[in-house]
Amino acid sequence: LLREAWPLIVAGIGIMLYMRIDQIMIEHYLGSEAVGVFSAAVRLSEAIYFIPTIICSSIFPALVAAKQRSNQEFNAKSALLFEIMTLLALCAAIPVALLSSWIIKFTFGSEYAAASDVLQIHIWASVFVFLGVAGSRWLITEKLAIQSMYRTLAGACCNISLNFYFIPEFGIVGAAYSTLISQFIASIGINALNPKTRSCFLLQIKSILLPCSNLLIQSKLYLNKRVNN
């Protein structure tokens, strides 16, 4: 178990570190007050990150069973899972982005008003986080757990590199953009570089561009089955 899971352990530790490196670098460049404002927005944005973990953990046995039956069924279920993750993330991100000013004022008070701009950007990273959690289950099922470690390292390097430029130039809003870009690279973009994970990349991109295509197909098949029965 340890031999197969050590890349996931390293990836988990890496995620915890690079998701907090923003605050360390903000304090270095802008001071503790800016860290407090940024942390207020991040705390609200990350409050929904438990959702994909719960759903994917529940569905994971079904993915493994589908993989054992056929690759076609596994790909269909994976595509459906990615679409569900995208729709759930969008359902959370869109209202939060539109109401960010009111949410920050209601939650933390008017003295944290600057956090609304951060929240408005940072919440969109949830789309990539949701797809990244689903993608990690895809990697485990395909026995490519080592790729989880690689994509975490890529996201960390990207986040730190962007922060060196974005934070001094754009302040805490720049840190939010760094998180957004690095989450895309770590969760989706890195999958395009490896032929073994490119099919995962295509499924993730399709779920963003056409978030309801497989849901409609599966719904139609289910309704036809019910009618025939």
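Start by selecting methionine 25, which sits in helix H2 (residues 21-30). Helices here are DSSP runs of H or I with at least four residues, strands are runs of E with at least two, and both are numbered from the N terminus. This is a predicted model: local features need pLDDT of at least 70, side-chain atom pairs count only at pLDDT 80 or more, and totals for chains, interfaces and linings use all residues. Residues are numbered from 1 along each chain as its sequence is written, and side-chain values use heavy atoms, with hydrogens and water left out.

**Stop 1: methionine 25**

Methionine 25 is buried, at a relative accessible area of 9%. Buried means under 20% relative accessible area, exposed means over 50%, and partly exposed is in between (1.4 Å probe, protein chains only). Now show its partners. Setting aside neighbours within four places in sequence, methionine 25 is in contact with Ile160, Asn163, Phe164 and Ile167. Contact means heavy atoms within 4.5 Å. Draw a C-alpha to C-alpha line from methionine 25 to isoleucine 167: they are 142 residues apart in sequence and 7.9 Å apart in space.

**Stop 2: the core and isoleucine 172**

Select Ile26, Phe38, Phe82, Met85, Trp138 and Ile172. Of the 53 residues in the largest nonpolar core, these touch the most other members. Such a core is a set of buried Ala, Val, Leu, Ile, Met, Phe, Trp, Tyr and Cys residues joined through side-chain atoms within 4.5 Å. Keep isoleucine 172. Not counting residues up to four places away in sequence, isoleucine 172 touches Ile26, Leu30, Ala34, Val37, Phe38, Ala114 and Val118.

**Stop 3: H7 against H10**

Select helix H10 (residues 172-187) together with H7. Their axes come within 9 Å and cross at roughly 10°. That makes H7 roughly parallel to H10. Axes are lines fitted to C-alpha atoms, for helices over the stretch in contact, and angles run from 0 to 180 degrees between N-to-C directions. Under 35 degrees counts as roughly parallel, over 145 as roughly antiparallel, 65 to 115 as roughly perpendicular, and the rest as oblique.

Show side chains. From H7 come Asp117, Val118, Ile121 and His122; they meet Ile172, Val173, Ala176, Tyr177, Thr179 and Leu180 in H10. The residues of this contact divide into seven nonpolar, two polar and one charged. Ala, Val, Leu, Ile, Met, Phe, Trp, Tyr, Cys and Pro count as nonpolar, Asp, Glu, Lys and Arg as charged, and the others, Gly among them, as polar.

Stay in helix H10 and pick phenylalanine 184. Phenylalanine 184 is partly exposed, with a relative accessible area of 30%. Beyond four places in sequence, phenylalanine 184 is in contact with Phe128 and Gly189.

**Stop 4: helix H6**

Select residues 100-108, helix H6; the buried ones are Ser100, Ile103 and Ile104. Look down the axis of H6: these buried residues fall within an arc of 95°, so they line one face of the helix. The arc is that of the directions from the helix axis to the C-beta atoms. An α-helix has 3.6 residues a turn, so residues three or four places apart point the same way. What do the buried residues of H6 pack against? They pack against helix H3 (32-45), helix H5 (71-98) and helix H7 (115-122). The face turned away from the buried side of H6 carries the exposed residues Trp102, Lys105 and Phe106.

Next, phenylalanine 108, also in helix H6. Phenylalanine 108 is partly exposed, with a relative accessible area of 22%. Outside four places in sequence, phenylalanine 108 is in contact with Ala40, Arg43 and Leu44. After H6 comes glycine 109, with a positive phi near 100°.

**Stop 5: lysine 143**

Go to the loop between helix H8 (125-141) and helix H9 (146-170) and select lysine 143. Buried or exposed? Lysine 143 is exposed, with a relative accessible area of 77%. Check the backbone. Lysine 143 has a positive phi of about 60°, although it is not a glycine. Most residues other than glycine have a negative phi.
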